[in-house]
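Subject: Model handover

Hello,

Here is the model for you to look over. My notes follow below it.

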Amino acid sequence: MVEFQTSQLDTVFHALGDATRRQMLHALADGERTVSELADPFSMSLAAASKHIKVLERAGLIRREVRGRTHHCRLVPGPLASANRWLAYYERFWTERLDTLDRLLREEDAGRLTSEREKTDDSDTDAEQPSRRRGDA
């Protein structure tokens, strides 16, 4: 398995655990935004938005730069890539297991179809035999 710094990964997943912060990151994926612009869609105060932004900053997901009195934020994708690598390991884990389950179910279905065909073939043969006996008599 890929090795990760657990504390950083915990911080990233904590930051991603909130829908507001995920939406802020989504907005930042389109480019730099001010704190006001990030807060606007949520009808929240700048203080509340700032708390969310601090969580994102601690996780290393964004960088804030102060220009005059305005705070500008931009996305830092590196920690998201680390989280994605961690998730990819488990995606492979589950994909392999689901592929195995799919194969087993297909084999079971194929066996069931073969069994049903054999039963049908046997019943067809049984149905023909009495008519031949009548003709022989």
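Contact here means heavy atoms within 4.5 Å. The model is predicted, so local features need pLDDT of at least 70, side-chain atom pairs count only at pLDDT 80 or more, and totals for chains, interfaces and linings use all residues. Residues are numbered from 1 along each chain as its sequence is written, and side-chain values use heavy atoms, with hydrogens and water left out.

Some terms before the findings. Helices (H or I, at least four residues) and strands (E, at least two) are DSSP runs, numbered from the N terminus. Two strands pair if DSSP finds at least two bridges between them. Buried means under 20% relative accessible area, exposed over 50%, and partly exposed in between (1.4 Å probe, protein chains only).

**Sheet**

The sheet is open and has 3 strands. Their order is E1-E3-E2, with antiparallel pairing. Strand E1 (33-34) and E2 are the edges, each with a single partner strand, so one side of each has no neighbour in the sheet. E1 pairs with E3 over 2 bridges. Arg33 sits opposite Cys73 there. Strand E2 (residues 62-67) and strand E3 (residues 70-75) are joined by 6 bridges. Val66 has His71 as its bridge partner in E3. E2 and E3 make a hairpin with 2 residues between them. Gly68, in the turn, has a positive phi of about 70°.

Angles run from 0 to 180 degrees between N-to-C directions; axes are lines fitted to C-alpha atoms, for helices over the stretch in contact. H2 lies across E1, E2 and E3, at about 85° to E3. H4 packs on the sheet and touches E2 and E3. The direction of H4 makes about 125° with that of E2. In H4, the buried residues are Ala49, Ser50, His52, Ile53, Val55 and Leu56.

**Core**

A nonpolar core is a set of buried Ala, Val, Leu, Ile, Met, Phe, Trp, Tyr and Cys residues joined through side-chain atoms within 4.5 Å. The largest one has 19 residues. Ile53, Leu56, Leu61, Ile62 and Cys73 have the most contacts inside it. Helix H1 (6-16), helix H2 (19-29), H3 and H4 each supply at least two residues of this core. Leaving out residues up to four places away in sequence, Cys73 touches Leu28, Glu32, Arg33, Val35, Leu38, Ile53, Ile62, Arg63 and Arg64.

**Aromatic pairs**

Rings of Phe, Tyr and Trp (its six-membered ring) pair if their centres lie within 6.5 Å; planes under 30 degrees apart count as stacked, over 60 as edge-to-face and the rest as tilted. The whole structure holds 4 such pairs. Phe13 and Trp86 are edge-to-face, at 5.4 Å centre to centre and 65° between the planes. Phe13 is in helix H1 and Trp86 in helix H5 (residues 78-136), so this pair ties together parts 73 residues apart in sequence. Phe93 and Trp94 are also edge-to-face, because their centres are 5.0 Å apart and their planes stand at 85°. Ring pairs link Phe13, Trp86, Tyr89 and Tyr90 into a cluster.

**H3–H4 loop**

Pro41 lies in the loop between helix H3 (35-39) and helix H4 (46-58). Pro41 is exposed, at 61% relative accessible area. Ser43 is in the loop between H3 and H4. Ser43 is exposed, at 72%. Its phi is near 50°, a positive value in a residue other than glycine.

Best regards
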